[in-house]
Amino acid sequence: MMKHRILLTLNLLLLLLASCSRNTGLDPDEQIRISVASTLAAIPTITSAPQSTPYPQPTPFTLAGLFCEYQFCVGHPIDMAFFDVSAQQNPAAPSSYGQGLIAAFNGNLFIQVLWQLAPGAADPEFVLDLILDETDIRDGNMDVKLVRDMNVMYTPITSTATPLLPFGGSGAWTCGDRVFAWKVYTPQAETASPLFEEALSRFTCGQ
């Protein structure tokens, strides 16, 4: 009698398992695999630390060269040499003490310096407007300060003059009876302001 009951119970269990298997359409091994996969997917993972993004480093430039003519001196990179733009535009009217325009360039930089007589001028911004052209856009706030008794202003710029040198900066200052303006095009925005600071630190003029 006991044996008969055990067999009956086993038959009922087998029927129930078969019924569950038919209802799900999956065998028990497959159900186990799905359950394990679902459990693993639900376990929170540790967020990995963000990887540092490499940024291009500013190209180092040093103004070890020194241009001295027209009774002023200004620093420039040693692999560049200024030429007289005024003389090229009009050989009969080269640069002089009273006014002039010079430039220098290589594959990584373009620099211009402009000056003119302006006795008693305290605000050099008008000469800054002269050196900036239609390809130049002021980008950021104007920095105004007094450097060695010279009224100095500086502004970052962007330029469409050449796609190789899309950034830059321009500065203007007074020295004696003249006003000066300086402009640079650079491959990186970070290099323009240090170049201006170095050029200005080496600037002298006959007063």
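## A salt bridge between Arg138 and Glu125

A salt bridge is a side-chain nitrogen of Lys or Arg within 4 Å of a carboxyl oxygen of Asp or Glu. In this predicted model, arginine 138 and glutamate 125 form such a salt bridge, their closest N and O atoms being 3.2 Å apart. The pair links distant parts of the chain, since arginine 138 belongs to strand E6 (residues 136-138) and glutamate 125 to helix H4 (residues 125-131), 13 residues apart. Arginine 138 is partly exposed, with a relative accessible area of 33%, and glutamate 125 also counts as partly exposed, at 28% relative accessibility.

Aspartate 133 forms a salt bridge with lysine 183, with the closest N and O atoms 3.6 Å apart. This pair also links distant parts of the chain: aspartate 133 lies in the loop between H4 and E6, while lysine 183 lies in strand E10, 50 residues apart. Aspartate 133 is partly exposed, with a relative accessible area of 34%, whereas lysine 183 counts as buried at 1% relative accessibility, because buried means under 20% relative accessible area.

Lysine 145 and glutamate 197 meet through their side chains in a salt bridge of 2.8 Å, N to O. Here strand E7, which holds lysine 145, is linked with helix H5, which holds glutamate 197, and the two residues are 52 residues apart. Lysine 145 counts as partly exposed at 29% relative accessibility, and glutamate 197 counts as partly exposed at 34%.

## Strand E10 and its partners

Strand E10, which holds lysine 183, covers residues 178-186 and is mostly covered, with 9 of its 9 residues buried. In a regular strand the side chains alternate between the two faces of the sheet. In E10, Arg178, Phe180, Trp182, Val184 and Thr186 point one way, while Val179, Ala181, Lys183 and Tyr185 point the other way, and all are buried.

E10 pairs with strand E5 (residues 110-117) in the antiparallel sense over 8 bridges, and within this pairing leucine 117 has arginine 178 of E10 as its bridge partner. E10 also pairs with strand E9 (residues 167-175) in the antiparallel sense, over 9 bridges, where glycine 168 stands opposite tyrosine 185. E9 and E10 form a hairpin with 2 residues between them, and glycine 176 in the turn has a positive phi of about 65°.

In soluble globular proteins, nonpolar side chains tend to be buried together. The largest nonpolar core in this model has 28 residues, of which Phe72, Phe82, Ile102, Trp173, Phe180, Trp182 and Phe203 touch the most other members. At least two residues of this core are supplied by each of strand E2 (72-76), strand E4 (99-105), E5, strand E8 (150-159), E9, E10 and helix H5 (192-201). The largest share, 5 residues, comes from H5. Apart from this core lies another, of 16 residues, among them Leu132, Ile157, Ala172 and Tyr185.

## The buried face of helix H5

The buried residues of H5 are Ala192, Leu195, Phe196, Ala199 and Leu200. Seen down the axis of H5, these buried residues fall within an arc of 130°, so they line one face of the helix. An α-helix has 3.6 residues a turn, so residues three or four places apart point the same way. The buried residues of H5 pack against E2, strand E7 (143-147), E8, E9 and E10.

## Aspartate 84

Aspartate 84 has its place in strand E3 (residues 83-84) and is buried, with a relative accessible area of 17%. Leaving aside neighbours within four places in sequence, aspartate 84 is in contact with Tyr70, Pro94, Ser95, Leu101 and Ile102. With one of these residues, tyrosine 70, aspartate 84 makes a polar contact between side chains, at 3.4 Å. Aspartate 84 and glycine 100 are 16 residues apart in sequence, and their C-alpha atoms are 7.9 Å apart in space.

Terms used
Residues numbered from 1 in each chain as written. Predicted model: local features only at pLDDT ≥ 70, side-chain atom pairs only at ≥ 80, totals over all residues. Heavy atoms only, no water. Buried < 20%, exposed > 50% of the residue type's maximum accessible area, 1.4 Å probe, protein only. Helix = DSSP H or I, 4+ residues; strand = E, 2+ residues; numbered from the N terminus. Pairing = 2+ DSSP bridges. Core = buried A, V, L, I, M, F, W, Y, C linked by side-chain atoms within 4.5 Å. Contact = heavy atoms within 4.5 Å. Polar contact = N/O pair within 3.5 Å; in protein donor to acceptor, adjacent residues only side chain to side chain. Arc of directions from axis to C-beta.
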